[in-house]
Amino acid sequence: MKTEKQLLDRDTGRDIGAELLEAVRQMKAGQGRVVYPPVAAARAASGLSQSQFAALLGVSAHTLQDWEQGRRKPSGAAQTLLAVATRHPDVLRELVLQGTRAPPPAISG
């Protein structure tokens, strides 16, 4: 992580307005690209709303928003579910169509 002095040194002499204007020109010319955080990409692949996706993962919509905006990181188990959601978004859509959340795993004894 950079120190305050390193950040100030980097930003001294920058013309932020010109940089923003150039970025807008690039976007209008189709040269820009949108980079989604992995959580948002997984949800986008599923085609589900935040509330639907959160319900299927068993978390609140607020928690999902925190993950998507980088304020918090998903737990290990949630990361595994997100990996499955990314690779198999059709399974999530199927669960929504059925109107059910994935059942908990069976415990055999």
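**Figure 1. Arg 43 in helix α3 of the predicted model.** Helix α3 spans residues 38-46 and includes Arg 43. The structure shown is a predicted model. Arg 43 counts as buried because its relative accessibility is 19%, and the cut-off for burial is under 20%. Beyond its neighbours within four places in sequence, Arg 43 is in contact with Leu 48, Ser 49, Gln 50, Phe 53, Leu 64 and Glu 68. Of these partners, Phe 53 and Leu 64 are also among the residues with the most contacts inside the largest nonpolar core.

**Figure 2. The largest nonpolar core.** This core has 14 residues, and those with the most contacts inside it are Phe 53, Leu 64, Trp 67, Leu 82 and Leu 92. Two or more residues come from each of the helices α3, α4 (50-57), α5 (61-68), α6 and α7 (89-98). The greatest contribution is that of α4, with 4 residues.

**Figure 3. Surroundings of Trp 67.** When residues up to four places away in sequence are not counted, Trp 67 touches Val 39, Leu 57, Val 59, Arg 72, Lys 73, Pro 74, Ala 78 and Leu 82. Trp 67 belongs to the largest nonpolar core and also lines the largest pocket.

**Figure 4. The largest pocket and its lining.** The volume of this pocket is about 220 Å³. By class, 7 of the lining residues are nonpolar, 3 are polar and 2 are charged. Helices α3 and α6 (76-87) each supply at least two lining residues, and α6 gives the most, with 4 residues.

**Figure 5. Leu 95 in helix α7.** Leu 95 is placed in helix α7. With a relative accessibility of 15%, Leu 95 counts as buried. Leu 95 and Gly 58 lie 37 residues apart in sequence, and their C-alpha atoms are 13 Å apart in space.

**Figure 6. Confidence along the chain.** The protein chain has an average pLDDT of 85, and 91% of the residues score at least 70. Confidence is highest in α5, at a mean of 95, and lowest in α7, at 83. Where pLDDT is low, the predicted coordinates should not be read in detail.

Definitions and conventions. Residues numbered from 1 in each chain as written. Predicted model: local features only at pLDDT ≥ 70, side-chain atom pairs only at ≥ 80, totals over all residues. Heavy atoms only, no water. Buried < 20%, exposed > 50% of the residue type's maximum accessible area, 1.4 Å probe, protein only. Contact = heavy atoms within 4.5 Å. 1 Å grid on protein atoms, 1.4 Å probe; cavity = no way out; pocket = protein on both sides within 12 Å on 5 of 7 lines; lining within 4 Å. Points joined across faces, edges and corners; volume = space filled by probe spheres on them. Nonpolar A, V, L, I, M, F, W, Y, C, P; charged D, E, K, R; others polar. Core = buried A, V, L, I, M, F, W, Y, C linked by side-chain atoms within 4.5 Å. pLDDT = per-residue confidence, 0-100.
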